Amino acid sequence: MHRSKMSVEERNKRSRLTQIIHSREFVRGTLTMRWKVCGRPNCKCIQGQKHPALYLVHSKDGCKKQLYIPKRWEGKVREWVEQYKDIQERLEEISCICWDKIWKREE
Ligand SMILES: [Zn+2]
């Protein structure tokens, strides 16, 4: 399909998405809190008060991957995860427009 056949709405959605992909960081994954025992002999975690540790989890080709997220990275990684979801939603919107074009046989 030629670009001139795109509606203003579609053009705007596409250029916004391009802008976001160019300028922001994004990552696919889910942030999950795990509870850990640290191994220090007198630590409260031995009595059951385990330490929270944040992980970024994702699966790729059926294989689960996880990455420990240090406290100072938490805010940043949360933003990147949110950004990925936002991109996915925007991509889905454009896909819906194209789905419609096929349905209406718009050439
Ligand atoms: Zn401990």
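At 39% relative accessibility, Lys85 counts as partly exposed, a class that lies between buried (under 20% relative accessible area) and exposed (over 50%), as computed with a 1.4 Å probe on protein chains only. The structure is a predicted model, in which local features need pLDDT of at least 70 and side-chain atom pairs count only at pLDDT 80 or more, whereas totals for chains, interfaces and linings use all residues. Residues are numbered from 1 along each chain as its sequence is written, and side-chain values use heavy atoms, with hydrogens and water left out.

The side chain of Lys85 meets that of Glu82 in a salt bridge, with 3.3 Å from N to O, the term denoting a side-chain nitrogen of Lys or Arg within 4 Å of a carboxyl oxygen of Asp or Glu. Both residues belong to helix α2, where, being 3 residues apart, they are separated by about one helical turn; helices (H or I, at least four residues) and strands (E, at least two) are DSSP runs, numbered from the N terminus. Glu82, at 45% relative accessibility, is likewise partly exposed. Elsewhere, salt bridges that share partners join Glu10, Arg14 and Lys101 into one network.

In the whole structure, a search finds 8 salt bridges. Among them is the pair formed by Glu93 and Lys13, whose closest N and O atoms are 2.7 Å apart. This pair links distant parts of the chain, since Glu93 lies in helix α2 (residues 71–103) and Lys13 in helix α1 (residues 8–23), 80 residues apart. Both partners are partly exposed, Glu93 with a relative accessible area of 38% and Lys13 with one of 24%. A further salt bridge joins the side chains of Arg78 and Glu74, at 3.0 Å from N to O, and here the two residues are 4 residues apart in helix α2, separated by about one helical turn. In this pair Arg78 is partly exposed, with a relative accessible area of 38%, while Glu74 is buried at 17%.

The zinc ion is coordinated by Cys38 (SG), Cys43 (SG), Cys45 (SG) and His51 (NE2), at 1.9 to 2.3 Å. Donors are taken as N, O and S atoms within 2.8 Å of the metal (3.2 Å for Na, K and Ca), and water is not among the atoms, so sites may look incomplete. The angles among the 4 donor atoms run from 100 to 117 degrees, and the site is tetrahedral, a label given to four donors if all angles lie between 85 and 135 degrees. Along the chain, the donors follow the spacing C-x4-C-x1-C-x5-H.

The structure holds 0 disulfides, a disulfide being a pair of cysteine sulfur atoms within 2.5 Å. Cys96 is accordingly in no disulfide, and the nearest cysteine sulfur, that of Cys98, is 9.4 Å away. With 41% relative accessibility, Cys96 is partly exposed.

In soluble globular proteins, nonpolar side chains tend to be buried together. The largest nonpolar core in this model has 5 residues, namely Leu54, Leu56, Ile69, Val77 and Val81, where such a core is a set of buried Ala, Val, Leu, Ile, Met, Phe, Trp, Tyr and Cys residues joined through side-chain atoms within 4.5 Å. The elements that give two or more residues to this core are β2 (51–60) and α2.

Leu31 lies in strand β1 (residues 30–36). When its neighbours within four places in sequence are left aside, Leu31 is in contact with Leu54, Tyr55, Leu56, Ile69, Val77, Arg78 and Val81. By contrast, Leu31 and Arg11, which are 20 residues apart in sequence, are 33 Å apart in space, C-alpha to C-alpha. Gln83, in helix α2, is buried, with a relative accessible area of 11%. Its contacts, again not counting residues up to four places away in sequence, are Ile20, Arg24, Glu25 and Phe26.

Terms used. Tetrahedral: all angles 85-135°; square planar, octahedral: opposite > 155°, others 65-115°. Contact = heavy atoms within 4.5 Å.
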